[in-house]
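Please look over the sequence and the structure below, and keep both in view while you read. The paragraphs that follow go from the surface to the sheet and then to the charged pairs.

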Amino acid sequence: MKTAIVLFNLGGPDRPDAVEPFLRNLFSDPAILRAPNFLRPFLAWLIARRRALTARKIYEALGGGSPILANTNAQARALGAALDDASGETFRCFVAMRYWHPFSDETAREVAAWQPDRIVLLPLYPQFSTTTTASSLSDWHRAAGVAGLAAPTHSICCYPVEPGFIDAIVDLAMEPLARARAKGRLRLLFSAHGLPLKIVKAGDPYPDHVVETARAIAARLGVTVGVGDDRDEESYEICFQSRVGPVEWLGPYTDETIAQEAGAGHAIVLVPLAFVSEHSETLVELDIEYRHLAETRGAAAYERVATVGAHPAFIAGLARLVRRALTTTGGVSNDVGARRCKAGCVCAMEVS
């Protein structure tokens, strides 16, 4: 029995001249830029052209390109090793990126050439969103059809509180927490990529999943007081980063929250709970821009918890998700084995 596992992520430009086409691909996605079809290509071109210079400077700080593909390949290798056993099954992991190489079309052809008996689709987005998981899966099904892939396919829709995912973050947070607590009153900030508010109002479950993840981590770390409660105690807050454009985004915003907590002289520990590998929004936005903000505003400490990457607990959790998917009827599974979102929600799919 041959099982192909396809890992999905957004991707990133691998060299300076790939920055603008990467951005154009991003804003050409109707899940990202919700404009009329006839207008979207022009708007995508315009936005990409305007943002390219700033984006190139960001990637210059990373050596000219994003490390996300190398990091995702490392996760794929680790997952393949974790699934390798004596059962006689053969697992092979593939990587498909949404906005830069390898695209779903490239990966679908590679999977088809391998001729698997079944396929598991594993988005590396623990919290479901129409802008990430739904977009990647939709693009894959299109590409699979073009490639002639007919093998039974199982999809993993979300896993915001998968135990291995939570264990990995908790483990990675212990040392930064200890350093921060030695310097001042702790403020634990959970930062996730933001969404335009109109997408949230349309029923996207992403904010609810982010809250689930944050609560699970905070409880394990012993920081159970949320913002607005007793501010003399250690507390945590959920905030959102990387907003662009003039539209209103899901808040509170990470930069504004950091400025507020730093101004009060608190020791900040920032957890990027919606990213599973390092890339520009962790290595530049969080590590350089927000660190500078925290230090100039007077934070007693600024510590950033690493993303889970190929942490053994996280990889073990992904392996559990894959095995659960293969035994789930209906073709869709998650981390709790039940419908986890409200009725009518875009990811309220039947699972057993």
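Phe42 counts as partly exposed because its relative accessibility is 47%, where buried means under 20% relative accessible area, exposed means over 50%, and partly exposed lies in between (1.4 Å probe, protein chains only). This is a predicted model, in which local features need pLDDT of at least 70 and side-chain atom pairs count only at pLDDT 80 or more, while totals for chains, interfaces and linings use all residues. Residues are numbered from 1 along each chain as its sequence is written, and side-chain values use heavy atoms, with hydrogens and water left out.

Phe42 lies in helix α2, residues 40-60; helices (H or I, at least four residues) and strands (E, at least two) are DSSP runs, numbered from the N terminus.

Now turn to the sheet, which is open and has five strands in the order β2-β1-β3-β4-β9, with parallel pairing; two strands pair if DSSP finds at least two bridges between them. Because β2 (90-97) and β9 (332-334) stand at the edges with a single partner strand each, one side of each is left without a neighbour in the sheet.

Strand β3 (residues 118-123) is mostly covered, since six of its six residues are buried. In a regular strand the side chains alternate between the two faces of the sheet. In β3, Arg118, Val120 and Leu122 point one way, whereas Ile119, Leu121 and Pro123 point the other way. Strand β1 (residues 2-9) runs parallel to β3 and is joined to it by six bridges, with Ala4 standing opposite Ile119. On pairing with strand β4 (residues 153-158), β3 again runs in the parallel sense, over three bridges, and here Ile119 stands opposite Thr153. Three bridges also join β4 to β9, where Asn334 is the bridge partner of Cys158.

Which charged residues tie separate parts of the chain together? Glu20 forms a salt bridge with Arg49, that is, a side-chain nitrogen of Lys or Arg lies within 4 Å of a carboxyl oxygen of Asp or Glu. The closest N and O atoms of Glu20 and Arg49 are 2.9 Å apart. Because Glu20 lies in helix α1 (residues 19-28) and Arg49 in helix α2, the pair ties together parts that are 29 residues apart in sequence. Glu20 is buried, with a relative accessible area of 12%, whereas Arg49 is partly exposed at 46%. The structure holds 21 salt bridges, and Asp29, Arg98, Asp105, Asp139 and Arg142 are linked in a network of them.
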